[in-house]
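Visitor: I would like a close look at a single part of this model. Please take me through it piece by piece.

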Amino acid sequence: MKRSLAFILIVLILLTGALTACDNQESNNIADYMVNATDTIHIGAILPLKGDNSETAKRVEDGLKYASSLAKKIKIDKTYEIELIIKDITDLDSAYNEFSSKAAAVICLGTNRENTDSIIEKFSNTKTPLIFLDNFSDSISKAANAFSISISSNYQVSALVRYITEKGYKNGTLILCEENESTKAFEDLFIKTANNSSITAATYYAEGKKGLPDDIENSEFIFINGPVSDCKGLIQTIKHEGCKGEIILSEIIDNTSLQSENFEGVTFINKFEYDNENFIGSDFLNQYAKINTSSADITAAEAYGYDAYMLLYEVLSAHSNLMSAVNNPKSENSSNISTDINASEIISALCEITFHGVTDDIIFDESGLSQVKFLYVDRIESQESVKIAKYNFSN
């Protein structure tokens with residue numbers, strides 16, 4: 001009897017321990033942490049510093065560092081230093097170990113679906129805000145802690161169809177560099193929007209294939225959706241095959257990657273141009289050019305880096321408003337207001353913010369994707385990028 005009672009007691013103790021462990025594991029699944037418990041606030045960045053996209057990453061880094069030079073300190077209850085820490089995407093484990101417990105947010109340049117998914121998966125057990133400068137995966141819209149300030153698919157498709165309609169094109173080919181959930185959703189959106197404008201398009205998935213579809217030579221336009229590194233190879237193949245249709249690319253944040261005779265006549269969607277209607281953006285170009293390079297050589301990559309940093313600076317600066325936005329019980333005027341900011345508070349503030357950036361007014365929708373006021377269509381002419389169309393989405 002005693003043995004039975006003892007056995008039952010041991011089982012109950014083990015079960016209690018197991019249940020407690022499960023509760024702890026569940027509570028630790030999504031870690032929320034303070035970002036300014038010290039005198040330094042950290043902003044992380046994960047960029048492809050090596051390989052095909054290193055030049056674009058360098059431009060983003062320049063934009064981040066320029067913003068940091070203007071806003072290295074922040075006043076909350078006292079003055080805090082802001083430290084910008086940049087990690088290479090090939091060392092994602094190191095970036096996670098450093099950023100997951102102390103970064104106010106992490107600015108990311110994924111450059112493709114695989115990288116984007118890897119970053120989001122790595123930080124999935126935290127509430128670390130992730131600000132992407134591109135948008136190649138549906139995982140951004142599905143993750144509660146991920147945002148993107150680049151052009152979402154619906155705006156790209158809308159601008160593209162408007163441009164195709166103005167050019168009088170009636171048939172074309174949509175080439176998707178990868179075949180996955182994100183690209184299939186893009187295909188559905190494009191085909192539906194194009195059909196509504198009496199435009200027909202055949203779809204071709206290029207991933208893992210050589211050559212092109214037989215009927216592409218009759219296409220009046222060829223739209224390629226995917227990372228620029230994949231697009232380049234397709235462009236060369238299309239030109240080699242002698243196709244006459246106009247080649248159009250999805251968003252390019254670094255137009256210098258296309259400025260050679262190999263890509264002469266190629267058209268692409270862009271979010272940042274010298275534009276007298278965007279006074280903030282034009283002022284940025286003029287000021288940035290004074291210390292870095294000519295305004296003609298500045299791309300959206302530098303502007304995106306600048307905007308992402310300043311977006312976070314704005315969120316942190318408005319700490320009292322941030323606390324009110326997440327229903328903090330302490331009064332804004334209370335002398336007992338804590339200056340500690342949790343990652344979840346930053347996410348809530350990002351969901352509510354309207355930030356007047358140099359690329360555009362940054363307002364995130366319910367999926368964490370930014371709304372768009374203006375979009376541009378550029379073309380490579382004489383190895384330079386030339387603006388050929390502008391579309392207003394603010395009405």
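Guide: Strand 11 and strand 14 (residues 374–381) run antiparallel, and four bridges join them. This pairing belongs to a predicted model.

Take I248 as an example: its bridge partner in strand 11 is T267.

Now look at the faces of strand 11, which covers residues 267–270. In a regular strand the side chains alternate between the two faces of the sheet. T267 and I269 lie on one side of strand 11. F268 and N270 lie on the other. Each of these four residues is buried, and both faces of the strand are covered.

Next comes helix 9, residues 279–291. Start with its length. The helix has 13 residues, and at 1.5 Å a residue they should span 18 Å. The C-alpha atoms at its ends are 19 Å apart, which agrees.

Which residues of helix 9 are buried? They are G281, S282, F284, L285 and Y288. Seen down the helix axis, these buried residues fall within an arc of 155°, so they line one face of helix 9. An α-helix has 3.6 residues a turn, so residues three or four places apart point the same way.

The face of helix 9 turned away from the buried side carries exposed residues: F279, K290 and I291. What covers the buried residues? The cover includes helix 2 (54–70) and helix 10 (300–317).

Empty space is the next stop. Rolling a probe the size of a water molecule over the atoms shows where empty space is left. The count comes to one cavity of 30 Å³ or more. The largest cavity has a volume of about 40 Å³. Its lining is made up of N255, T256, Q259, A296, D297 and E384.

Is K87 buried or exposed? Its relative accessibility is 18%, so K87 counts as buried, given that buried means under 20%. What does K87 touch? Leaving out residues up to four places away in sequence, K87 touches A45, I46, L47 and L49, together with S94, A95, E98 and F99.

Notes. Residues are numbered from 1 along each chain as its sequence is written. This is a predicted model: local features need pLDDT of at least 70, side-chain atom pairs count only at pLDDT 80 or more; totals for chains, interfaces and linings use all residues. Side-chain values use heavy atoms; hydrogens and water are left out. Buried means under 20% relative accessible area, exposed over 50%, partly exposed in between (1.4 Å probe, protein chains only). Helices (H or I, at least four residues) and strands (E, at least two) are DSSP runs, numbered from the N terminus. Two strands pair if DSSP finds at least two bridges between them. The expected span of a helix is 1.5 Å times one less than its number of residues. The arc is that of the directions from the helix axis to the C-beta atoms. Contact means heavy atoms within 4.5 Å. On a 1 Å grid over the protein atoms alone, a cavity is a set of points where a 1.4 Å probe fits but cannot get out, and a pocket is an open set with protein on both sides within 12 Å along at least five of seven lines; lining residues have an atom within 4 Å of a point. Grid points are joined across faces, edges and corners, and a volume is the space filled by probe spheres set on the points.
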